[in-house]
Amino acid sequence: MADVMIRPTSKARPAWLSASLQVGLPAVALVLMLAVIFWIRPTAMSYFGFTLLFKLATPLVLAALAQMLIIMLGDIDLSNGAFVGLITCITALHLATNPSLAIVFYLAAIIVYAGIGLLIQARQLPSIIVTLGMSFIWLGTAIMILPSPGGAAPAWLAGFMSWRPPLVPLPILLAVIAAVVGHFAISRSSYGAILRGAGSNPRAIERAGWSTTRIRVMVYAAAGLLACLSGITLTGLTTSGDPNVAPAYTLLGVGAVILGGGSFNGGIVSPVGTVIGALTLSLAGSLLSFLQVPPTWQIGAQGGILFLVLAGRVLLSEKKP
Amino acid sequence: MNHRLSLAPWTYGFIVAFAMWIATTAYAGFDSAEATLTAALTFGAFSVVVGTGQMLVIASGPGNIDLSVPSVLTLAAYVSMTVMNAQDGMLFAGLAAAVAVGALAGMLNFLAITLLRLPPIIATLAWSFVFQSFAFNLGGEATLKPPAMLSAFTLWRIGGVPFMPFAVMLLTLATMAVLSRGVWGRRLLAVGQSESAAKLTGISAGRVRLIAYCLCGVAAGLAGYLLSGFSGGAALNMGDVYLLESIAVVVLGGTSVAGGQANAVGIWGAALFFNLMATMLNTFQMQAGVRFVLTGALIILIVAIVPRPRAA
């Protein structure tokens, strides 16, 4: 089984090239989609146009990054969307009236996330089924505290989400910040290499003296924090809480990670790619309505876009030995 | 490992289901015991059909999963209802249409996975969007009515005992036989355990997986056909609950998500557990939120305490 030992990418292409191809693909798709939109409606090519097109992108970008951390460890998080829904409920109910209570809830939720990581690691459980169970728990908790959509986002939060910073629209600015922070934390830092190693070869990381238990707990907690931020920003946009607001985030997040060059094998993820993937997916909806695709075909066309973008991987990827 | 009494993983579902049946009966009175069980068997039968297909896909190797199950179920229901047009004479034509839709969907899933080299979770998700759109265009918001004979068949009782669950039990037995004795079944498990080893013995892993995905689609199509007869027609959201349930019953039933190992009987235990728990919590008049939390907690609890199959 010699072919397992050799890293096929390293001999044929320099590492930087395959890395930039990984990120380049969703970026090309994003630019193509924007080009089509601007061709149909040139007025969209403005500060205001960008703000509208990417209005709902920020929470999806954060949720996708949370999913990316879990996928980095070779796991998958099916509870991501339900968790974001719960956070919108907590935010809409308590953040305005009783901020300290809201923060206690956020912290408790993050600790539960870390606990899931601990449980999965300690009992060596399949993450897919544990997080499936957690999705029911998050949804149930959200329905218990807020049976029907309601509540109100604090004014400062709604204000921040509709803030117009100079030159760069807010969703783009936040996406760039998230991508840069993620890039330096996961792809560049030495600790990031350990984290990715824990996903691709946990035994090697254990032998090098790191505790994979601690890593899994920390990474799950970080994913919980990002998903929390996703819920808070989403509340700022929708200005109310809703247990069922974001079930699609789970699978859209997974799609964004894979679109951005990630792999379920663990250890191979790209924060920049994930952010661009999430932007692409949130733009797909706008593109379809610009193309005047009838509503009954819009979901199907989104599947088609997913296939088209991912088909590019086959053209770019190298032949397996 | 300590020396406590160790039961096979798949028995836990049955034990918990039985405990819930007792609890429901104790609360609602002895008269309701039979009705509770009959309802759980009937609703469970649909979960078992869908779960059996999902099990074949999951067993075919790590990472293999079919997220298109709900949309294939809905699309097959719509296509077969359209073909039959509520006429009893077209019963078998409708069945054939549902099976064909399922097989075709399975093939498309497999092709996307191999040709585009996509992770199954993404390929089947993207197809499910497309299938959903087809169903939407075929029927829209309207509910398409089934032929009277199909409804009669799904509700048929022989001496007070519903027939359909027993037909599905035969399906479970057939699946067990195929997995333990059949050539394809042995190959499926071999591919699931180690694709490279299976290939070295001359097994075409691709063909084995193609059949697994097709059978999963067929199972979803069959469930859609029967369910629309049972529930009075094809509706757009009829498949939604089966997305998570099909995965949950397979894993709780003792099948390993790592592939290469399958348990068809266990699906029944897990399906009964799911349906009896819903009945029990309804009888206790729990609010929806509490029901969800308890469902999730029990899934995690069962997975965490059950001794795990070796293959994982």
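Reader: What should I know before I start?

Author: This is a predicted model: local features need pLDDT of at least 70, side-chain atom pairs count only at pLDDT 80 or more, and totals for chains, interfaces and linings use all residues. Residues are numbered from 1 along each chain as its sequence is written, chains are lettered from A and ligands numbered from 1 in the order in which they are written, and side-chain values use heavy atoms, with hydrogens and water left out.

Reader: Is A:Asp75 buried or exposed?

Author: Buried means under 20% relative accessible area, exposed over 50%, partly exposed in between (1.4 Å probe, protein chains only). A:Asp75 is buried, at 9%. A:Arg216 is buried too, at 12%.

Reader: Which residues of chain B are linked in a network of salt bridges?

Author: The network joins B:Glu195, B:Lys199 and B:Arg209. B:Glu195 and B:Lys199 both lie in helix 9, four residues apart, about one turn of the helix. A helix here is a DSSP run (H or I, at least four residues), numbered from the N terminus. In an α-helix there are 3.6 residues a turn, so residues three or four places apart point the same way. B:Arg209 sits in helix 10 of chain B. B:Glu195 is partly exposed at 31%, while B:Arg209 is buried at 13%.

Reader: How do I check the length of helix 6 of chain A?

Author: The expected span is 1.5 Å times one less than the number of residues. The 16 residues of helix 6 of chain A should span 22 Å; the end C-alpha atoms are 21 Å apart, which agrees. Of those 16 residues, 15 are buried.

Reader: What is the area buried between chain A and chain B?

Author: Buried area is the accessible area (1.4 Å probe) that two parts lose on being put together, summed over both. Here the value is about 3,800 Å², and carbon and sulfur atoms give 81% of that. In chain A, A:Ile129, A:Phe136 and A:Phe307 lose the most area to chain B. Between the two chains the count of salt bridges is zero.

How values were computed:
Salt bridge = Lys/Arg side-chain N within 4 Å of Asp/Glu carboxyl O. Helix = DSSP H or I, 4+ residues; strand = E, 2+ residues; numbered from the N terminus.
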